[in-house]
Amino acid sequence: MLKQCEGSHAVASAVAMCRPEVICAYPISPQTHIVEGLGEMVKSGKLAPCEFINVESEFAAMSVAIGASAAGARSYTATASQGLLFMVEAVYNASGLGLPIVMTVANRAIGAPINIWNDHSDSMSQRDCGWIQLFAENNQEALDLHIQAFRLGEELSLPVMVCMDGFILTHAYERVDMPTQEQVDAYLPPFVPRQILDPAEPVSIGAMVGPEAFTEVRYLAHAKQMQALELIPQHAAEFQKIFGRDSGGLVRPYRCEDAETIVVALGSVLGTLKDTIDEMRDAGHKIGVLGIVSFRPFPLQAIREVLKDAKRVVVLEKSLAVGIGGIVSTDVRMALSGLHLHGYTVIAGLGGRAITKASLHKMLQQAMRDELEHVTFLDLDHNLVKRHLEREKQKRRSGPMAENILRDVGVVAARIA
Amino acid sequence: MPFQPVKFYQTGTFTVGNRLLAPEERTVQANMQRTNGLNSGHRACQGCGEALGARYAIDAAMRACNNQLVAANATGCLEVFSTPYPETSWQIPWIHSLFGNTAAVATGIAAALKVKGRREVRVVAQGGDGGTTDIGFGCLSGMFERNDDVLYICYDNEAYMNTGVQRSSATPPAARTATTMPVGVEPGNVFGQGKNVPQIAMAHNIPYVATATVADLHDLEYKVTKAMGMHGARYIHIFVPCPLGWGAASNDTIKLARLARETGLFAVYEAEHGEVTSVSKIRKRVPVEEYLKLQKRFVHLFGKTPATETIARIQAMADRNIRKFGLLEEEGV
């Protein structure tokens, strides 16, 4: 059924149709609307049986989900930014224990400086935590990926993060095709845990593992993610059969056939990129875009397959590996091992800075002329940076950096280039 | 039960032997059918108060719920010594997640059991004083505040023993630990309020809070049984001497626990919905020196020139407890 609704509402509805049994909620923007929506459904009795628990921190949210999942309940929570960082110890624990929790990450920057707007720093910081990470391009895909996430996670006994851009998707009203409960039930079987805390068959979970077996346990975590590389396309195909639309999968190439330049990106920026590429194609440029849906596991082979005949690759990413440049680019480079092509890293959209078609056009033109810096910060105001560096040179007690720059920028309601 | 002649060999103590009790009042440990929730063969030190406390607490809890018990365990001695996998001492379903999240994990288990309609299965969470009063305190307070259906048991040995005897917020003043060295002007741990978690638990107005020691195992069993008869958040704080960390003889564990109570340093009481409902009276009041002298962690107080002022301050703490809780018969509430 077609419906015009907020991204968070679409996700809440999809999660509810997955019949979660325990939901833990702790407020942090921009994920709050999702758990608020679910809380209302539980309180009104529309979503039952389900326990909705208002916890005291994200660390507790993930910990309650761990306990609930280990006791055999389908468990869900949502977080973002500082919240994800606050729960990190439990995030690693959930994957280490092999508990198929599903969590929405409404992608948001990490402070300091504190910033509530979208980029991918939060979930990228957890790229090695052992969770599967799926990135949604739009609200329809966010909705669909949650349904696939429960199926995938439970089949592998691994937790799954569904990453959707904070505000850009969570707060955007878009048309979505809302599935029926019957469709979801046909796709997602009831949760049959591999391990369960049950007095009828007592087990100890979470014992210490020494050098004699630690490598094997960790290898299994890796092997399961490798299995996910096979399962994700299968699940997407089955999803299409039941729901009638193509959603999920490992990667989404767009106009990449014969492309000399391919832009690689994740999340909602793919929409702007596709529009830009359409215009550039119209102008006769051989350019395409490759969207990565599955960031963990990272589909090296699928990515190589798309990029191998290109002349240059521009990885546009909303995260920054301070001290080296890109996070996604490093992984993409792995996929291109042995191939001779120009590679560029473009850091864009940090802390919610709008990525406009105008900026993309300019940057891609430079890239096609191979005039782009290998690590480029899109729309970086060099003057602001210079001014601050000068200040530091002039004065030892130059004061707090972010506040200095804000003073230089002056009062602005919203800065959209 | 076959007849066993009564032998009054326990002269000089206040202990009532099991054989003097009616069979139904005897400790669960006296029964051949005891459940051994924490089975023998684990790696605890000789004289470990925590192992003793856990064994009695878990077996009593199992008896109270017909063995339908699940446990969440914080990182710490109890976790490490009980599960040297492939061996485990636990005869109940047991999970260890992290150091600081045990109360929340237990909340999750309780929520799952509720949603699955398994109301007969009960949940205990357990941890040491570090996992309870320090790193796990946020999750513990959250579990209390929501009144989740969990019995949380804290085994308090007054320091981080598993990592090598470092100070926790339950470490008493003047005590030597690896991070409160017996050097300087005021050797050992500083004087301060510490963190009195049973009192903080009471401030949450939860259904049941109790303290106990391994010197009064029957009292411990009674409190666990009583807690298991209730629903909602319940907290039992058990005083468990640690021979290794305290520098005490391993055969003094029970004696030290008894002296902690008889000096007034550790008040044994029960509270329901934030109000004290019963207090274990001191039967033979003793000065704190008798308790302190048995432990190397206080040895710096008893050198050539005893630290009389420091000892007096510790005595004042005991006296304050005695006043506050009415621990003496004549001062009884």
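Biologist: How should I read the model and its labels?

Modeller: This is a predicted model, in which local features need pLDDT of at least 70 and side-chain atom pairs count only at pLDDT 80 or more, while totals for chains, interfaces and linings use all residues. Residues are numbered from 1 along each chain as its sequence is written, and chains are lettered from A and ligands numbered from 1 in the order in which they are written.

Biologist: Why is the unit of strand 14, helix 12 (residues 328-335) and strand 15 of chain A given a hand, and which hand is it?

Modeller: A crossover is right-handed if, with the strands pointing away from the viewer, the path from the first strand over the helix to the second runs clockwise. The β-α-β unit that strand 14, helix 12 and strand 15 of chain A make is right-handed, so its path runs clockwise in that view. By contrast, the β-α-β crossover from strand 15 through helix 13 (residues 357-368) to strand 16 of chain A is left-handed. Strand 15 of chain A is joined to strand 16 (residues 375-377) by three bridges in parallel, with A:Thr345 opposite A:Val375.

Biologist: Where do these strands sit in their sheet?

Modeller: They belong to an open sheet of six strands in chain A, with mixed pairing and the order 10-12-11-14-15-16. Its edges are strand 10 (251-254) and strand 16 of chain A, each of which pairs on one side only, and the twist averages 20° from one strand to the next. Within the sheet, strand 11 (residues 261-265) of chain A pairs with strand 14 of chain A in the parallel sense over four bridges, and A:Ile262 stands opposite A:Val313.

Biologist: What is the other open sheet of chain A, the one with seven strands, made of?

Modeller: Its order is 3-2-4-5-7-6-13, again with mixed pairing, and strand 3 (51-54) and strand 13 (294-296) of chain A are its edge strands. Four bridges join strand 4 (residues 75-79) of chain A to strand 5 (residues 102-107) of chain A in parallel, with A:Thr79 opposite A:Val105.

Biologist: How do you know that helix 3 and helix 5 of chain B are oblique, rather than parallel or perpendicular?

Modeller: Axes are lines fitted to C-alpha atoms, for helices over the stretch in contact, and angles run from 0 to 180 degrees between N-to-C directions. Helix 3 and helix 5 of chain B pack at an angle of about 40°, with their axes 7 Å apart. Angles under 35 degrees count as roughly parallel, over 145 as roughly antiparallel, 65 to 115 as roughly perpendicular and the rest as oblique, and the two helices of chain B are therefore oblique to each other. Residues making this contact include B:Ala103 and B:Thr107 of helix 3 and B:Leu140 and B:Met143 of helix 5 of chain B.

Biologist: What makes a residue of chain B count as touching chain A, and how many do?

Modeller: Two residues are in contact if their C-beta atoms, placed from the backbone, lie within 7 Å, and by that rule 36 residues of chain B are in contact with 34 residues of chain A. Helix 3 of chain B gives the largest share of the side of chain B that touches chain A, eleven residues. Between the chains, two bridges join strand 9 (residues 204-205) of chain A to strand 2 of chain B in parallel, with B:Trp94 as the bridge partner of A:Ser204.

Terms used:
Pairing = 2+ DSSP bridges.
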